[in-house]
Amino acid sequence: MFDGYLLSVLVWLPILGGMLTLLIGDRFATRPVALIISVVTFAISLLLWTGFNAKGYQLQFVELIPWIENFKINYHLGVDGISMPLILLNTFTTVLIVLAGWEVIKHKPSQYMAAFLIMEGIINGVFAAQDAILFYVFFEAMLIPMFIVIGIWGGDNRIYATIKFFLYTFFGSVFMLVSLIYMYTQANSFAIADLHTVKLGMTPQILIFLSFLIAFGVKVPMWPVHTWLPDAHVQAPTGGSVILAAVMLKIGGYGFLRFSLPMVPDASSELAWLVIFMSLTAVVYIGFIALVQSDMKKLVAYSSIAHMGFVTLGFFLLFPIIKATGSSEGALLGMQGGMVQMISHGFISGAMFLCIGVLYDRMHTREITAYGGISNRMPWFAAFFVLFAMANTGLPGTSGFVGEFMVILASFKANFWIAFLGATTLIVGAAYTLWLVKRVIFGAVANDQVAKLNDINKRETLILSILAIFVLAVGLWPEPLINVMNDSLVHVIDQATTSKLVN
Amino acid sequence: MLLFSLIPMQFQTPNILLATPEMFLLAGTCFVLLTDLFVKDSQRFITYLLTQIVLLVTAGLVLFGTTEMNLILAESYQATGQSGATAFSDMFVLDPMAQILKISILLVTVGVFVYSREYLRARDMYKGEFFTLGLFAVLGMMIMVSAKTMLLIYLGLELLSLAMYAMVAFKRDDGRASEAAMKYFVLGAIASGMLLYGMSIIYGVSGSLHLDHIANYMSTHPVMENIGLLLGLAFIIVGLGFKLGVVPFHMWVPDVYDGSPTAVTLFLGTAPKIAAFAMVIRLLVEGMGDMVQGWQQILSLLAALSLLAGNIIAIAQTNIKRMLAYSTISHMGFVLMGILAGSHEGYAASMFYIITYAIIAMGVFAVVLLLSREGYEADQLNDLKGLSSRHPWYAFMMMLFLFSMAGVPPTVGFYAKLSVITAVVDANIIWLAVFGVVMSVIGAYYYLRAIKLMYFDKPEGSTSSVLALVKWDFRVLLSLNGLSVLALGILPGTLMTVCLKAIQSSL
């Protein structure tokens, strides 16, 4: 089915579906329509998984149509083992978001659903684009629906947060645009594959690497350009937080794999220390910041930054490993760890934000001090919350463990101190998450409002159960996921270790 | 015998037929002017309709040409291998670039008149003079676009300017409009003087007013050491800078945009920009292409200053027309970026930029017109508050225009910026490219603020619905205008190719 244009369907079906929900408006069955579109999209995206050939790094499901011939820009889509799981993560998350907004969003629900559906299509485009300008177009276009989602359905300080979000990301990405154009003038092509092979001198490489670092570093976000994230997360509606944490942050990590490492390998090698320093700072320092938060969403937002630090750490461990051991053996483990961490963080952070959304819908506050003893009134909810919290701390058996463990293991090959600092997350992460659980879930019932709480309804149970299944599944049996991405990651390592310097 | 030798033996009919569209427009304008004398105020629609027909027929003539025009073009193509032809002793040229720019100017003007009709009626400005002045301005622009000598460029420019001065002062009992017109007139006259002075110096050195002859002279002489030519170039750039409204010659722009009736601002901010682009290309590229080293540096500085001042000062504005004026200044900086790259791709990028900018600016000002009503000028940013809950569709259109101005894909503004930045990177002026994109981030802030007012703020009581004033043609055109920004954003390739082909075959 959909031979030859499966990816186009995944990009355009949600976008057109979103426009359909806009047209339908709030008068009539917006929510079911949105749900049907998102479920159908997810079902179609499963064809990617079933039809995917895990052998080799070649692009699959390729589509190539000339688009802007003056600049040799093509409508070029395709996926490899790196982007395919991320597309699935996106289509999956959108279904949950539509469900999560079902009763909660009362103000202009059709526009809310439309924004998320359109965003789904655009993000699929980001992961599928194999032309640099096409990628950039999707990368930027994604900001528009998110800007509107935070601005319309957000909290009290939403306008500050959404403009900060937009400008931060926009600022990061324009430098990437100049870099892409510069490489175009060298390679005479915008195809990502051609940009992978074009020869570049060291100075251009360093500058290009820095521009990518700004673009993707803001997106991930990495310390010290992370400050937009807590604001955006706290102000965004639940759905916005979920898509932001579960999918959008992954675009930054994806960018490092698709752009930085293969396009400017020499500069990546030269400046790997910088990325590793920034990642470790995120892991350690941001972890401590999470510890002192009094707002639940802010706490999870900071924990996201810390966890994403593992992703970038895993990707750039390659270079210190080569330096320390002389071979790239073991680097694959780090990369795989980073990728698994991205997927797993998608589930866990999404689940955490949904849990907070469940509480917020009932109590209309995110302050930790307003809660206490939830387990007495909401036992089912408490069970889910504790499970996801454990996954967040990296408990073996949950998906959170796999990625972090692989990265820490790989970092021992590079340098003891990198491993040591990375491993502190096991303590700090446990500290802030478990302390959150203790204050919110356990103890005596804190106040009258908590005493009146009802346990989660069927819809909420459904959402959280699905996520729980995935968190446990990836935790217990990550093999299929790792298999799918293995060959593509090996290829990235090949590219990243092949010098592109002009002789 | 001596007497006979002074008279040419063969009198060749000048093939003035290449200027058929201009001649038709002139005749049509006079016809509109005369007809309007016999039309009662209540029947002003006739004048309006005639004006639109004249413009559309002229556009048709430019697009398809008459049999004779096409014949001349075909003969010229066979003789010279170039797809343009000249008339009036080589003073007038019709090439693909001129054709496309003229069509853009004519169509934009049609749109401007559609948008302004109800606004003019509500303000007692629905007079025949408005349309005839507009038609004369269009004629001036078309002459500028087709001019091949400095003299003709100047004549076209003055025809345009004089009509525009009068239009700015159209609401003669309004103090602010008169002030704006005065400012525009005085500064415009100074600029024209500068331009003329520069032209006279160039004429003095090269011995010709004809752009091709000047180019010939420059290609055979060392130009960068010739102090006369450099001086002439400097004066010409000052004049062009005034007309384009780039820093530091931009002072008149915000005052004139703000002081003029919005319908005039709409006209002023769209079609003449296209003509000004043509003037820059003719003078600097066709005439003084060999001095590219000279003007590239000056234009880089002007572009950078425009981007800086335009974007930063716009943030401080509370008046939407002034904000758009500063935004125009920054956009002109981007247009210069393409020109100063000095390559065909660069000129084509600027051409694409200016045409799409005219389309976007037309839409933005149309929304400002939409918000105004009898006795009330909606010129404050706060008037946008809550537009999305009052008129979701028009708010969506406005959002498209604003995102396009900010250069966010998938709107056409992104591709315009992409192509000019590609041109300067290609010319290895990377600092300017980086500077340009940083400035566009700063610019994004005030466009976002306008979107925020429309979408995130509650409407204020006083700004109630005004759509009763607006007829169906306005609504349809605004929708088409907005959707074209999106459509050109999804498929920008055709227009880009058209621009590049036009530039390649014209220069």
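**Entry 1: chain A as a whole**

I began with burial: 62% of the 503 residues of chain A count as buried. A residue is buried if 20 or more other C-beta atoms lie within 10 Å of its own, exposed if 12 or fewer, and partly exposed in between, with C-beta atoms placed from the backbone. I note that this is a predicted model, in which local features need pLDDT of at least 70, side-chain atom pairs count only at pLDDT 80 or more, and totals for chains, interfaces and linings use all residues. Residues are numbered from 1 along each chain as its sequence is written, and chains are lettered from A and ligands numbered from 1 in the order in which they are written.

I found 22 helices and two strands in chain A; these are DSSP runs numbered from the N terminus, helices being H or I of at least four residues and strands E of at least two.

**Entry 2: α3 and α4 of chain A**

I looked up how helix α3 (residues 83-100) of chain A meets helix α4 (residues 109-128) of chain A: the angle is about 175° and the axes are 9 Å apart. Axes are lines fitted to C-alpha atoms, for helices over the stretch in contact, and angles run from 0 to 180 degrees between N-to-C directions. I therefore put α3(A) and α4(A) down as roughly antiparallel, the word for angles over 145 degrees. The residues of this contact divide into nine nonpolar, five polar and one charged. Ala, Val, Leu, Ile, Met, Phe, Trp, Tyr, Cys and Pro count as nonpolar, Asp, Glu, Lys and Arg as charged, and the others, Gly among them, as polar.

**Entry 3: where chain A touches chain B**

I read that 27 residues of chain A are in contact with 26 residues of chain B, contact meaning C-beta atoms, placed from the backbone, within 7 Å. On the chain A side, α7(A) gives the most, with 14 residues. That side divides into 22 nonpolar, three polar and two charged residues.

Terms used:
Parallel < 35°, antiparallel > 145°, perpendicular 65-115°, else oblique. Contact = placed C-beta atoms within 7 Å.
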